[in-house]
Amino acid sequence: MSTGKMSKFIKKTLKQKLAVLVPDWDGRVLDVPASGEVLVWPCAVVAFAEEVPKSAWAGYRRIIKISPYARPEDGGAEQVEAWSALLIEGLHQVRLVDEAGGAFTCIYLGSSDSDRVDAGSGMLTRSLRFGVYVPEGSGAALALTGDVWLAALQDWTQQELGSNWSVYGDVWPGGYDMPSVLWRLAGCSTSVAGTSALEVRQQWIGHVLTDHPVLTRQTVTRLARQLAVQSRLAVTKTDGEEHEGNTRYITVDEVTADLQTDAYLNGQIRLTLQQRIRRPGTNVPFIREIHHSKGME
């Protein structure tokens with residue numbers, strides 16, 4: 001789908017959602033007024049702002065400004081404050097689906113300016129900035145990647161949280177569900193551990209996304225605590241079937257959690273996994289012969 005067509009669907013879906021969130025507007029969710037056009041009734045104006053570079057795991061990103069307008073006789077600043085609270089609660093980290101079946105997620109980014117009086121209408125307004133994220137992954141594209149460490153994390157998480165949760169790897173899929181967890185690789189390093197071994201370390205980020213802040217917080221702390229207690233995860237190397245000799249383990253080295261960070265974009269859990277492997281090309285040469293004589297002849 002082209003960016004223009006995608007933007008059209010996004011704006012239309014947002015307008016429908018806003019009309020439901022604030023019935024006081026009687027469906028008056030408008031585009032930016034034309035030059036000389038004066039707003040008369042309480043309403044909201046939706047405007048596209050800057051595009052943001054794509055995220056490898058969150059997809060296409062665009063900034064949208066939503067501005068509620070309230071008349072002084074209807075409460076002015078207090079009414080704008082109340083409507084802003086409704087918009088933030090109703091849109092932040094909410095997944096919306098357009099009429100074509102495409103999904104996007106809204107993230108509240110703060111207010112772009114202070115309250116102001118609109119010169120033409122005399123109404124008070126405020127601009128709220130939302131990031132709109134359109135995941136570009138699909139279920140088919142998220143087939144097994146061959147990363148056994150990721151598979152181990154996903155398997156452990158699914159067993160820990162149960163079948164009601166969806167557990168994803170690498171990117172948010174377009175049809176992601178809630179509640180869900182996404183694990184993605186953030187970095188890796190290796191170091192020498194003796195003459196014949198390497199220590200491999202990988203840093204992972206976990207995103208816990210639910211529709212209730214209490215459940216999100218409880219799940220983040222639960223996963224962080226249980227990973228620390230777990231100490232190691234089983235890695236199966238052959239076709240997902242466990243046989244003696246093909247199951248290895250990765251060690252949970254460090255786990256931290258930040259409950260204030262953005263769940264969808266940044267993730268709340270930081271996890272370091274490590275494993276010691278045989279260093280290639282370090283075979284010690286055999287001593288072929290030893291000649292020994294007790295004395296001289």
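Modeller: A charge sits over a ring if NZ of Lys or CZ of Arg is within 6 Å of the ring centre and within 35 degrees of the ring normal. Keep in mind that this is a predicted model.

Biologist: What makes R95 a charge over the ring of Y176?

Modeller: The charged end of R95 is 5.2 Å from the centre of that ring. The cut-off is within 6 Å, so the distance qualifies. R95 is listed as sitting over the ring of Y176.

Biologist: Which residue lies over the face of Y249?

Modeller: R232 does, at 3.8 Å from the ring centre. The limit is again within 6 Å, so this distance passes too.

Biologist: Back to Y176. Why is its pair with W172 called tilted?

Modeller: The ring centres of W172 and Y176 are 5.2 Å apart, and the planes are at 50 degrees. Stacked needs under 30 degrees and edge-to-face needs over 60, so 50 degrees leaves tilted.

Biologist: Why is the pair of Y168 and W172 called edge-to-face?

Modeller: Its planes stand at 65 degrees, and the cut-off for edge-to-face is over 60. The centres are 6.2 Å apart; pairing requires them within 6.5 Å, so the two rings count as a pair.

Biologist: How many aromatic pairs does a search of the whole structure find?

Modeller: Seven. One aromatic cluster is formed by Y133, Y168, W172, Y176 and Y264.

Biologist: How do you know that W172 and Y168 are buried?

Modeller: Buried means under 20% relative accessible area. W172 has 1%, so it is buried. Y168 has 13%, so Y168 is buried as well. Y176 is also buried.

Biologist: Why does D26 count as exposed?

Modeller: Its relative accessibility is 61%, and exposed means over 50%, so D26 is exposed. D26 is placed in the loop between α1 (3-21) and β1 (29-30). Its phi is positive, about 50 degrees, although D26 is not a glycine.

Biologist: Why is S231 called partly exposed?

Modeller: S231 has 36% relative accessibility. Buried is under 20% and exposed is over 50%, so 36% falls in between. S231 belongs to the loop between α4 (213-230) and β12 (232-236). S231 has a positive phi of about 70 degrees and is not a glycine.

Biologist: What kind of peptide bond joins M178 and P179?

Modeller: A cis bond, with omega at about 0 degrees. P179 is in the loop between β9 (166-169) and β10 (180-192).

How values were computed: Residues numbered from 1 in each chain as written. Predicted model: local features only at pLDDT ≥ 70, side-chain atom pairs only at ≥ 80, totals over all residues. Heavy atoms only, no water. Helix = DSSP H or I, 4+ residues; strand = E, 2+ residues; numbered from the N terminus. Buried < 20%, exposed > 50% of the residue type's maximum accessible area, 1.4 Å probe, protein only. Phe/Tyr/Trp six-rings, centres within 6.5 Å; stacked < 30°, edge-to-face > 60°.
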